[in-house]
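Me: Please take a close look at one part of this model, the sheet. I want its strand order, its pairing and its surroundings.

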Amino acid sequence: MADTQQVDQKAERKVARLAKQIDTFAKAHGGAEGQVAHIGERGARIVLVGEDGGWGDLVAPSTEIARQAVEKAGITVHESFDGEFAAKVQTGPYEWKRMAGIQIGG
């Protein structure tokens, strides 16, 4: 039984840490919305898009922990990274250079 409590406490700490990071991002970008995507054995990716178009992501050890973190942070969560949500992302020169590099083999 002690092992279960230890695992639960570890998960709760991870949820709290992720929620704090999400909250920090949201405050820095005038608010935020997100999307949780399962990424296999690595867990889940939390994609964040700020009201100012800034974006970032976090990786959680499981989809459940990711969902709990976004809920605790109180942000709007989208089911998919659809066109309307994706259109809020503002990309800069760095992203365009990286995308072009990928296209031409860089």
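Reply: What follows goes through the sheet strand by strand, then through its surroundings.

This is a predicted model: local features need pLDDT of at least 70, side-chain atom pairs count only at pLDDT 80 or more, and totals for chains, interfaces and linings use all residues. Residues are numbered from 1 along each chain as its sequence is written, and side-chain values use heavy atoms, with hydrogens and water left out.

Confidence comes first. pLDDT is the predictor's confidence in each residue, from 0 to 100. The chain has a mean pLDDT of 87, and 83% of its residues reach 70 or more. Helix 2 (residues 63–73) has the highest confidence, at 97. Helix 4 (residues 93–103) has the lowest, at a mean of 66. Where pLDDT is low, the predicted coordinates should not be read in detail.

Now the layout. The chain holds 4 helices and 4 strands. Helices (H or I, at least four residues) and strands (E, at least two) are DSSP runs, numbered from the N terminus. In that direction the elements run α-β-β-β-α-β-α-α.

The 4 strands make an open sheet with the order 3-2-1-4 and mixed pairing. Two strands pair if DSSP finds at least two bridges between them. Strand 3 (55–60) and strand 4 (76–78) each have a single partner strand, so one side of each is left without a neighbour in the sheet. On average, neighbouring strands are turned by 25° against each other, direction ignored. Axes are lines fitted to C-alpha atoms, for helices over the stretch in contact, and angles run from 0 to 180 degrees between N-to-C directions.

Start with strand 1 (residues 32–38). Towards strand 2 the pairing is antiparallel, over 7 bridges. Ala32 faces Gly50 of strand 2, and Ala37 faces Arg45. The hairpin of these two strands has 5 residues between them, and Gly40 takes a positive phi near 85° there. Towards strand 4, strand 1 runs parallel, joined by 3 bridges. Here Glu33 stands opposite Thr76, and Gly34 stands opposite Val77.

Next, strand 2 (44–50). Its pairing with strand 3 is antiparallel, over 6 bridges. Ile46 has Leu58 of strand 3 as its bridge partner. This hairpin has 4 residues between the strands, and Gly53 in the turn has a positive phi of about 95°.

How covered are these strands? Strand 2 is largely enclosed by the rest of the structure, because 6 of its 7 residues are buried. Buried means under 20% relative accessible area, exposed over 50%, and partly exposed in between (1.4 Å probe, protein chains only). Over the chain of 106 residues, 29% count as buried.

Gln35 gives a local view. This residue sits in strand 1 and is buried, with a relative accessible area of 9%. Neighbours within four places in sequence aside, Gln35 is in contact with residues including Arg45, Ile46 and Val47. Its contacts also include Val77, His78, Phe81 and Phe85. Contact means heavy atoms within 4.5 Å.

The structure holds 1 aromatic pair. Rings of Phe, Tyr and Trp (its six-membered ring) pair if their centres lie within 6.5 Å; planes under 30 degrees apart count as stacked, over 60 as edge-to-face and the rest as tilted. Phe81 is partly exposed, at 37% relative accessible area. Phe85 is buried, at 1%.

Last, the whole chain. Among contacts between residues at least 6 apart in sequence, 53% join residues at least 24 apart.
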